[in-house]
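Subject: Structure for your review

Dear colleague,

Please find below the structure that I promised to hand over to you.

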Amino acid sequence: MIKCIGLLLAVSIFMLLSSSAVQGQDSNYLDNCQPHSLDPTQTTGLSLVLLPCPFAGNPDDIVYVFDSQHDLNIGATWQQSVNFDHSTWVFDAKGDQSANLIIRFSHQNGILSADLFDDQNKDGRVAYTLNADNSDIKITESNIPSIHVQTPEDSWVTNGKVDYNLDMTVEGPITATFDARTFLGQPKLLAQISTIDNKPEFQISVRDLNNNGHPDYDLRQSFLPLPATSQFIRTSLQVDAADDEPVSQALSAFWPYLSSQVWGFGKIPGHTAPPIQVDWSTSKIINIAEIVGSRQKETNWFIYSIQRFGPGYGEYANFEDPFMFYDLADDHDGNPELMIRDQYTDLDAPDITNLFATVATNDIRYSWDQDNNGTWDYKIGVLGRKNYTTTVAFPEFSVKIPAYQDMPTWVTKQPWDIVSFVAVEGAPYYTTEGIYEWGPGAGLTNLLQGFGSGNVENPYVETSNGFRGDYSLAYFRVPRLYFSDVDHKLHLMYAQQGNWPIDDHTSLAYQNLNNGPTIDRWIHQVDGLPTESLTQAGNYLIYHGDQTIIKYVPTLTPSLFESPVPGTHQEWLDLKNKLDTVPKPVGNPADLRAMMEQFAGPELQLQNGTLRDFRFTESGFRFVLDLQPDFSFSGDNVLGTPTLSPGSYLVVYDGHFDVQPLTAPDIQLVLPLKLVGDSLLQYETNILHAEIRNDGLEDANQVQIDIQVSNDGTNWTPLRSEKGYQGIYSVNSGQTVDFNIFWTPDSPGKWQMRLVTQTLAADQTVLSSSNYSQAFDVQAASLPATNLLVSGFNLVPAWAVLTLWVSLISIFCVIFALIYRRNRQGEEPQSNADES
Amino acid sequence: MQMNPETQAPAGQSKLGPQTSILLVILIISAILIGLYWRSRYGGDITEGDSQRMTADINNVYTSETINPSNGAIYVSGFGFPVIMTFISHLTNLSVHDLQLDSPIWFGPLILIAFLAYRELLRSAIAALTACFLLMLMPDFVFYIMRLSHEKATWMFALLLVYLLARSYRMTSLRAVTVNGILFYLVFWAMASTNVFFSSTLLTATAFSFVACQLLLRLNRFIQFSINISVITRFILITLTGFVVIYSVIAYIYPPAKSYYYYLPIFQNRLQTLFIGEQSTQIISSAGIAPALTWRSSLTYLLLTIPQWTIVLISAASWIAIAWSLVRKKFNSQLLLIWLLYGAVTFQALIAIVIDTGGFLLIENLTVRLFTTLALFAAPLASHLIIRVLTTLMNRERRVQMLSVVALTIVVAFSSLFMLLKIVNDPVVSNLWIFYLPQQVAGVAWLEDHLVNQQVYVDLFPIKRDAFLFDNPTDNQTLNYYFSGSTESINRFSYILTSQITQYQANLTHATLPMTVSYDQIYDNGDVKIYRFRPRNPFQQ
């Protein structure tokens with residue numbers, strides 16, 4: 001839960017940060033900057049000033065450039081006059097003679113570097129002193145830069161292409177990773193990292209492997225001083241698989257990596273700018289934005305890992321590992337039609353949120369845009385226990401994940417343990433991270449890990465308005481889809497159940513009563529209460545609402561077509577084509593009567609009667625008809641029965657219908673109860689095995705078992721069975737149900753157990769009741785013999801221990817006697833004098 | 001107040017008399033024998049949580065060759081004891097594990113230092129010997145010296161400090177005072193390095209002593225109290241300098257000790273809750289649960305600890321008697337230091353009781369936290385009174401004397417028996433057993449060899465896990481998660497490790513072990529069985 005909230009918070013921040021618009025600004029807004037020498041008598045040499053340069057949006061913004069080699073050659077434009085490899089730049093927003101940022105460029109030993117200094121003591125400026133001849137400055141704010149950037153290239157820009165082989169070390173509260181902003185809001189952490197101490201908080205490595213001016217990947221390490229158990233993103237990796245990562249110099253403040261505006265952390269295609277952003281009003285560097293974008297580009301992928309990976313840290317990642325976007329429509333429009341996110345736990349790198357992990361787990365969100373309109377249409381959510389076995393290699397490190405191009409089919413062509421399917425039925429839906437609806441909770445992760453008895457909270461009980469979903473908590477097969485012949489909707493094959501809240505009051509529930517490949521019952525609910533249902537049983541449709549209709553439809557099929565979950569462009573296209581040709585759903589999706597009436601066939605209509613307790617049997621299905629005194633049949637005699645009198649009837653179909661009068665549930669408890677184990681023992685949790693059977697024709701949906709024990713006939717202690725105290729069991733006609741009773745007797749001897757079975761109606765009234773009793777003999781708990789205790793369970797001989805005790809006690813007595821005797825003799829002489 | 005002339009130490013030579021020396025040697029040998037008894041009671045198969053953790057901490061210092069290893073087990077409250085043990089291990093070529101097991105014999109040297117300290121405090125060798133004897137009869141003191149933790153070193157340093165402090169008041173030459181002072185702060189540095197918590201406890205006692213002196217001076221109209229101002233000055237000087245030493249250790253020498261700061265707000269919260277009645281803070285007290293569960297019955301616990309509580313009561317009576325002598329203006333100023341320090345540690349103990357809030361059951365918590373400090377000062381004060389009583393008895397007729405000696409010998413015999421039973425949590429009287437069978441360790445080792453990250457029920461008390469880690473100190477943590485305690489939960493654990501001993505323990509404590517009938521037995525080494533949860537769904541295959 002906390003993780004989910006954290007994630008949503010983080011995503012919100014990302015959206016917020018990304019949405020802080022990259023303000024439209026002319027890319028040549030600095031063209032009017034004119035170089036002037038600080039010494040008006042010279043045109044070459046030491047230093048210059050650039051005026052007017054609105055790098056911070058103010059007409060009075062000034063930049064001072066100091067040349068360490070004193071070889072400035074002031075030309076007509078600033079570009080002709082400056083260098084970025086042996087100069088120091090002082091950025092003075094508003095020209096108020098206080099520095100807001102200082103960058104020192106140098107080129108030594110083949111490494112081109114830039115050191116960025118911002119305000120450290122919160123006085124709103126970067127302190128420095130100017131030497132006597134205005135030739136250079138000394139930065140007094142700090143000895144250590146907030147950001148150090150270096151590259152092995154000779155120039156930051158070569159032939160108009162910006163260099164993206166960068167290594168950065170970052171100190172201080174700068175948002176340099178996705179979740180850094182969240183943690184930087186903690187005052188304690190902020191106090192810890194606000195001092196420049198030569199211990200970087202972040203390291204960034206960006207690589208452009210073919211030097212084409214488009215960065216290929218952006219690897220970031222976060223070293224925020226958070227506890228080892230903290231769930232922060234230690235390593236993030238963004239990759240552009242198409243090698244066309246968009247870059248922009250629109251907001252560049254002279255140096256291609258310095259932005260003139262604060263525009264956010266998350267990079268959005270079409271809205272990008274240089275990454276390093278300074279709040280000119282406080283003289284603080286705020287963000288180092290993504291250099292390779294994480295989201296929203298159809299050829300990008302990324303990893304946010306809690307486990308650290310990368311050069312020197314191994315290849316095991318976890319958490320959002322990976323997060324990938326695809327051009328499933330193959331239209332190269334920049335917008336992804338497929339998004340895959342695996343919240344992955346690797347056993348070799350256990351997620352600290354899942355310390356008890358015994359298997360690798362996957363929680364995959366697979367969202368796609370089927371009609372290619374830029375919004376998400378469907379999602380399958382799969383949970384499984386699959387370990388990554390392949391590794392993706394980069395020049396300096398590797399990471400254990402499926403290859404980018406293999407990931408879609410890695411998801412769609414493998415069997416999965418738990419699968420859900422979500423369709424967007426309401427307003428167009430778009431997020432940068434796919435469809436969030438029906439994310440699984442911690443309970444299902446525990447289930448995957450095999451913990452407990454398997455009774456977990458089901459997160460798929462209900463979707464939100466506007467979403468329709470099917471799911472199975474025990475899927476164990478390759479996910480496939482089908483198009484229902486009945487409701488004309490795309491569904492998950494072999495779903496156990498599903499639902500669709502159509503509006504605040506109306507919803508549809510789906511059931512798969514025979515555990516077959518398709519949904520076979522639709523239930524229309526108003527405010528949570530069923531008002532009508534439609535059941536598909538072979539070629540029969542059974543409608544139960546204001547009247548009961550049994551219809552035979554010879555042409556009825558389980559599905560109009562089946563489809564794999566699209567993992568390739570061709571599969572996506574095939575599904576698209578099929579969806580374009582199938583019939584449209586009936587007008588009102590909750591109108592089950594209309595859904596049935598779209599089919600032609602003979603039907604039997606029942607007035608003043610009810611149909612209940614429908615269930616499938618091994619060879620067909622059965623249900624109960626309750627016929628009221630004024631009941632009537634109309635239409636075709638689909639059941640093929642002679643005239644019936646009012647009353648209740650069991651109707652069984654196994655190729656043909658058989659109707660017989662109903663008999664009430666007859667619950668029998670089988671005695672004696674069987675003890676599991678050899679004997680009933682005091683203080684131990686003993687198990688008694690019990691069986692109940694139903695000899696009546698009617699199913700007993702609620703049989704309550706009340707168990708009590710007493711060893712004095714007066715005080716009765718309730719016992720629990722597998723379904724708790726007064727557990728409720730369902731016992732179908734002719735069926736035997738077994739269960740266990742747990743009992744921890746606190747004393748030995750004769751005990752009496754009494755059991756009461758009560759058959760309950762839907763409204764909890766007692767239909768029938770039976771009492772049973774059985775006597776038990778509880779054996780006393782065994783206690784260790786004294787010699788066993790003395791010998792420490794034979795670790796040492798008992799005689800040795802006794803000898804030790806006697807000897808030591810004797811020594812104590814002797815000592816006491818000696819002290820007593822000594823005391824009688826008085827104090828022996830000793831020093832009482834002051835020492836000197 | 002005047003001491004009995006017979007027991008009052010006269011001026012004379014500084015050497016002990018031959019009989020006193022022999023008695024002292026016998027006491028030291030007895031203390032070593034108690035250590036050997038602890039070591040051999042279960043054939044060396046003895047440990048508990050703190051002992052195991054400290055052994056792992058020492059081993060980590062030994063292998064990583066630094067006082068502050070970046071990875072693995074670390075004792076956050078001080079590096080002194082791991083360093084000492086590492087040094088001895090290198091010196092003797094004995095393994096850390098064996099050295100730890102042999103460490104209870106440190107009790108012998110501790111008694112020697114206790115004798116020196118008490119002789120300085122009481123100015124009487126016979127009273128000091130008696131105090132050492134009483135100290136050896138207090139199981140809740142002896143246990144903490146016996147077990148394999150830092151406390152044997154910590155309290156040795158504390159006694160040395162008391163010795164040096166008491167000695168300093170008899171010094172007149174500047175050179176002697178200077179040398180003594182340097183030694184004092186060196187020893188305090190050693191104690192602070194060993195445990196910052198107990199060091200600060202001792203400093204708080206000196207601070208209280210300073211306050212008490214100030215109060216007494218203000219009451220001088222009503223009592224006979226005169227004091228050299230240097231005594232008061234020394235108290236405050238020691239307190240202030242000592243806290244600077246502690247701060248240096250925490251801030252500059254040993255950063256893990258910063259966890260000390262973590263506890264300060266907790267103490268503050270508890271006091272706030274107590275005095276202001278803030279409802280939001282929960283008072284956490286483990287007190288009381290332990291005696292009922294640990295011992296065969298509450299009566300057993302009371303019986304085993306009656307001797308030590310009696311000594312504490314006698315010391316309290318002695319303290320009151322000295323206080324009364326103040327009012328009667330017969331105060332013996334030689335007893336000032338022990339009287340002040342005892343008062344201070346008792347005050348600390350009372351605060352602890354108040355903080356932990358009411359009832360008999362608090363005694364366990366007091367025992368754990370501050371009883372050791374209290375015992376250190378209760379023994380000499382009780383000794384002071386007992387010597388007076390014995391002296392009085394000696395003046396009575398011979399028959400009374402004989403009867404008294406017989407009665408007291410019986411008391412001593414039972415007290416020593418109770419001490420011997422309690423310090424090893426003897427299974428004859430205890431339910432929380434600190435011994436283990438090699439087969440139990442073999443069972444845990446098998447789990448560690450074959451499983452990872454599994455939830456394993458292992459025992460009523462976590463002795464099996466502790467024993468495994470104690471015997472394998474290089475594994476500072478287990479691969480699986482081990483749970484213990486009484487539980488009626490069904491199918492909660494993936495694995496259950498159980499043995500007949502555990503079943504006996506459960507029966508003795510009326511505890512319920514998790515049932516194994518729905519599990520498959522997968523291991524049996526004769527004493528220990530391991531069960532695996534029978535899969536109920538496909539995810540558990």
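Two strands are said to pair if DSSP finds at least two bridges between them. Strands of a sheet pair through backbone hydrogen bonds, and they do so either parallel or antiparallel. Please keep in mind throughout that this is a predicted model.

**A sheet in chain A**

With that definition, consider strand E19 (residues 255-259) and strand E20 (residues 276-279) of chain A, which pair in the parallel sense over two bridges. Within this pairing, Ser259(A) stands opposite Gln277(A) of E20(A). Both strands belong to an open sheet of four strands in chain A, whose order is E18-E19-E20-E21 and whose pairing is mixed. Its edges are formed by strand E18 (252-253) and strand E21 (284-288) of chain A, each of which pairs on one side only.

**A sheet in chain B**

Chain B contains an open sheet of five strands, in the order E2-E1-E3-E5-E4, and here too the pairing is mixed. Strand E2 (481-484) and strand E4 (519-524) of chain B are the edge strands, each pairing on one side only. On average, neighbouring strands of this sheet are turned by 30 degrees against each other, direction ignored.

In which sense do strand E3 and strand E5 of chain B pair? Strand E3 (residues 495-499) and strand E5 (residues 528-533) of chain B are antiparallel, and five bridges join them. One of the residues involved is Ser499(B), whose bridge partner in E5(B) is Val528(B). Helix H20 (residues 500-509) of chain B packs on the sheet, where it touches strand E1 (455-459) and E3 of chain B. The direction of H20(B) makes about 80 degrees with that of E3(B).

**The interface between the chains**

Between the two chains, 66 residues of chain A are in contact with 93 residues of chain B. The area buried between chain A and chain B is about 7200 Å², and carbon and sulfur atoms give 64% of this area. The count of salt bridges between chain A and chain B is zero, whereas eight residue pairs are found in polar contact across the interface.

Which helices of chain A each supply at least two residues of the side that touches chain B? They are helix H6 (442-448), helix H9 (786-790) and helix H10 (798-825) of chain A. H10(A) gives the most to this side, with 17 residues. By class, the side of chain A that touches chain B has 38 nonpolar, 18 polar and ten charged residues.

Yours sincerely,
A colleague

Definitions and conventions: Residues numbered from 1 in each chain as written. Chains lettered and ligands numbered in written order. Predicted model: local features only at pLDDT ≥ 70, side-chain atom pairs only at ≥ 80, totals over all residues. Heavy atoms only, no water. Axes fitted to C-alpha atoms, helices over the stretch in contact; angles between N-to-C directions. Contact = heavy atoms within 4.5 Å. Buried area = accessible area lost by both parts, 1.4 Å probe. Salt bridge = Lys/Arg side-chain N within 4 Å of Asp/Glu carboxyl O. Polar contact = N/O pair within 3.5 Å; in protein donor to acceptor, adjacent residues only side chain to side chain. Nonpolar A, V, L, I, M, F, W, Y, C, P; charged D, E, K, R; others polar.
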